[in-house]
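Dear colleague,

Here is the structure you were going to look at. My notes on it follow below.

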Amino acid sequence: MSESSRTTASAAVNTLPRPTTYSATLRVLHWLSALCMFIVIPLAWYMTELDRHDPHRVTWFTLHKSIGLTVLLLTVIRIITRLSGTVPALPARIPAMERALAHIGHGLLYLILLGMPISGYLNSYAGGHPVEWFWLFQVPVMASPDRPLAHLAGQTHRLLAWATYALIAGHVLAVAYHQLVQRIDLLGRMTGRATSVPGQK
């Protein structure tokens with residue numbers, strides 16, 4: 001292929017319209033992650049209130065850790081999938097400041113979805129507690145018992161929990177604001193129903 005042909009082909013690719021919805025893979029990963037989060041958060045509230053001598057406490061903690069590690073796996077796959085493809089642009093009708101905040105919020109959400117399970121994992125193993133994934137197998141040990149590390153990881157996990165609540169609430173409220181006030185169908189990008197070109201009504 002000649003240089004001019006390659007340039008023309010590259011230009012043609014660059015001028016192709018961006019998709020108006022996320023890929024099916026990203027949509028499935030998003031909703032699976034959301035489902036896991038809306039299960040694991042109230043589960044954490046419940047299990048931490050249990051008496052230390054409650055015979056079912058270990059079961060609830062194992063379930064919590066298993067879902068957390070599932071979130072970690074889903075997030076890694078989401079990041080790889082997102083970086084390897086093209087995602088829909090935010091509609092031009094959304095003010096630049098709101099678009100910037102949306103990008104920052106999404107980035108922080110990804111960091112939280114990585115940081116929460118990793119800190120929880122370190123807290124468990126550094127505290128001398130093995131981690132099982134849904135009672136199927138024990139997760140490989142990557143941290144030996146270390147009380148200071150366990151304390152640091154536990155504190156980090158608790159702080160990130162509050163950040164998680166704030167970011168999820170902000171994410172949901174932002175989507176509701178765009179849908180109900182600005183009348184911009186951002187939710188359709190994650191359900192697969194959006195068909196209009198970003199920026200158009």
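The axes of helix 2 (residues 24–48) and helix 5 come within 12 Å and cross at roughly 135°. That makes helix 2 oblique to helix 5. Axes here are lines fitted to C-alpha atoms, for helices over the stretch in contact, with angles from 0 to 180 degrees between N-to-C directions; under 35 degrees is roughly parallel, over 145 roughly antiparallel, 65 to 115 roughly perpendicular and the rest oblique. Helices are DSSP runs (H or I, at least four residues), numbered from the N terminus. Helix 2 contributes His-30, Met-37, Phe-38, Ile-41 and Trp-45 to the contact, and helix 5 contributes Thr-164, Tyr-165, Ile-168 and His-171 (contact means heavy atoms within 4.5 Å).

This is a predicted model, in which local features need pLDDT of at least 70 and side-chain atom pairs count only at 80 or more, while totals for chains, interfaces and linings use all residues. Residues are numbered from 1 along each chain as its sequence is written, and side-chain values use heavy atoms, without hydrogens or water.

Helix 4 (residues 96–126) and helix 5 (residues 147–180) have axes that come within 7 Å and cross at roughly 150°, and are therefore roughly antiparallel. After helix 4 comes Gly-128, with a positive phi near 85°.

On confidence, pLDDT (the predictor's confidence in each residue, from 0 to 100) has a mean of 87 for the protein chain, and 87% of residues reach 70 or more. It stays under 50 over residues 4–14, which have one contact beyond four places in sequence. Where pLDDT is low, the predicted coordinates should not be read in detail.

Regards

Conventions:
Helix = DSSP H or I, 4+ residues; strand = E, 2+ residues; numbered from the N terminus.
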